Amino acid sequence: NFDLDETIDFLNNIITKANETKCEVTSAGFSASRGESIILNSNGVSIADKSTGFGAGLSVNIEEKGNVATAYDSVSSRFYDLDGDKLAEDVCKLAMESVDTKPVETNDYDVVLDYYAATGLLSTFLAAFNGENVQRRRSILHDKMNSEIVSSNLSITNDATLEKGMYSAKCDGEGTVSKKTNLVENGVLKSFMYDIYTANKENTTSTGNGYRNSYLSTPSVSPSNIILDFDEKIGIDEIAQGVLTTSVLGAHTANPISGDFSVEASNAFKIENGEISYPINKAMISGNIFEILKKSEGVKSEIKQYGPFILPKILVHNLRVVGQH
């Protein structure tokens, strides 16, 4: 019973809130969806599900003393409990703090990956857990089962049963009942993700990761909710010299097999003596996603879901940052 006027009012409130600051709104969006599915087959599968989803995004510009900065963020939920005012406040605050940039010296730094930056790089990492990629030897992890592949401080779970998870459901697109799969336990690789087809190739069972875009398409291996759980977390106030990057540009160019990447840091800040000191000019960050996760830690921060990933901000050590003057 969600009506169009309510969606328009919600989005107008976000735009109005942003306009009350010095920010110029360049784009804003709000979506509400409702879905129903039923899977029936001749093997006795009969399962039905209903779902809702809500999302909002905001992009702004700000110009001050001839300097221009941009910022973007989004929020999503299975329920209509989005805080549009906070979204507007956070995005405008980020833009305003990003205006008066300074260059950063090229060096190896402790780098804090904010949510968007982390998820951009983690998409390449996650592809290595795809059962089809493993079987085709397109995954660097194909022979690493029961080996330590990331920091022992980190466990990674695929959980389609998670309450309020954006990709939670009763079953996947093949009717396999949703379950929780421990992909990594305390740094050690324990499982890959399979649909029925890839599971049968290895004489194992599907992990419930056979999803399809619609009834017209065939299933393929896809994640649901990927939870990154760090045993211990540190605060930004414990970092002597570092860089915080809100997002990265060019994550899609990362090598999907080796994990090598070179990306541009966006809305980045210098960390000095445990405090965020100033915004940084354009800088390039390069490394290998599999290597940096071996020396990663969670940052004391809110746990959020962006795409399939549910995670805190992530600290990685000794990452190359190339400053641009």
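What follows is a friendly conversation about a predicted model.

Biologist: Let's start with Phe10. Why does Phe10 count as buried?

Modeller: Buried means under 20% relative accessible area. Phe10 has 11% relative accessibility, so Phe10 counts as buried.

Biologist: Where does Phe10 lie, and what is Phe10 in contact with?

Modeller: Phe10 lies in helix H1, residues 4-19. Leaving aside neighbours within four places in sequence, Phe10 is in contact with Phe30, Ala56, Tyr80, Leu82 and Gly84. To give you a sense of distance, the C-alpha atoms of Phe10 and Tyr278 are separated by 33 Å.

Biologist: Leu4 lies in helix H1 too. Is Leu4 buried or exposed, and how do you know?

Modeller: Exposed means over 50% relative accessible area. Leu4 has 61% relative accessibility, so Leu4 counts as exposed.

Biologist: Let's move to cavities. How many cavities of 30 Å³ or more does a search of the whole structure find?

Modeller: The search finds 1 cavity of 30 Å³ or more. The largest cavity has a volume of about 40 Å³.

Biologist: Which residues line the largest cavity, and what makes its lining nonpolar?

Modeller: The lining consists of Leu113, Ala118, Leu121, Leu122, Ile289, Ile292, Leu293, Ile314 and Val316. Ala, Val, Leu and Ile are among the residue types that count as nonpolar, so the lining divides into 9 nonpolar, no polar and no charged residues. Two or more lining residues come from each of H3, helix H6 (289-292) and strand E19 (314-323). H3 gives the most, with 3 residues.

Biologist: How does the lining of the largest pocket divide?

Modeller: That lining divides into 9 nonpolar, 14 polar and 7 charged residues. The largest pocket holds about 870 Å³ of space. There are 30 residues lining the pocket, and the closest to its centre are Ser37, Ala169, Cys171, Tyr211 and Arg212. Strand E1 (24-40) and strand E2 (46-64) are the elements that give two or more residues to this lining. E1 gives the most, with 7 residues.

Biologist: What is in the largest nonpolar core?

Modeller: This core has 53 residues, and those with the most contacts inside it are Val111, Leu122, Phe125, Phe129, Leu228 and Phe261. Its largest share, 7 residues, comes from helix H3, residues 115-127. A second, separate core of 30 residues includes Ile14, Ala69, Ala71 and Val299.

Biologist: What does Val111 touch?

Modeller: Not counting residues up to four places away in sequence, Val111 touches Val243, Thr245, Ile285, Ile314, Leu315, Val316, Leu319 and Val321.

Biologist: Now the strands. How do you know that E10 and E18 pair?

Modeller: Two strands pair if there are at least two bridges between them. Strand E10 (residues 226-230) and strand E18 (residues 309-311) are joined by 2 bridges, so they pair, and they run parallel. The bridge partner of Ile226 in E18 is Phe309.

Biologist: What makes E2 and E3 a pair?

Modeller: At least two bridges are needed, and 11 bridges join E2 to strand E3 (residues 67-77), so they pair; the two run antiparallel. Glu64 stands opposite Asn67 in E3. Their hairpin has 2 residues between the strands, and Lys65 takes a positive phi near 55° there.

Key. Residues are numbered from 1 along each chain as its sequence is written. This is a predicted model: local features need pLDDT of at least 70, side-chain atom pairs count only at pLDDT 80 or more; totals for chains, interfaces and linings use all residues. Side-chain values use heavy atoms; hydrogens and water are left out. On a 1 Å grid over the protein atoms alone, a cavity is a set of points where a 1.4 Å probe fits but cannot get out, and a pocket is an open set with protein on both sides within 12 Å along at least five of seven lines; lining residues have an atom within 4 Å of a point. Grid points are joined across faces, edges and corners, and a volume is the space filled by probe spheres set on the points. Helices (H or I, at least four residues) and strands (E, at least two) are DSSP runs, numbered from the N terminus. A nonpolar core is a set of buried Ala, Val, Leu, Ile, Met, Phe, Trp, Tyr and Cys residues joined through side-chain atoms within 4.5 Å. Buried means under 20% relative accessible area, exposed over 50%, partly exposed in between (1.4 Å probe, protein chains only). Contact means heavy atoms within 4.5 Å.
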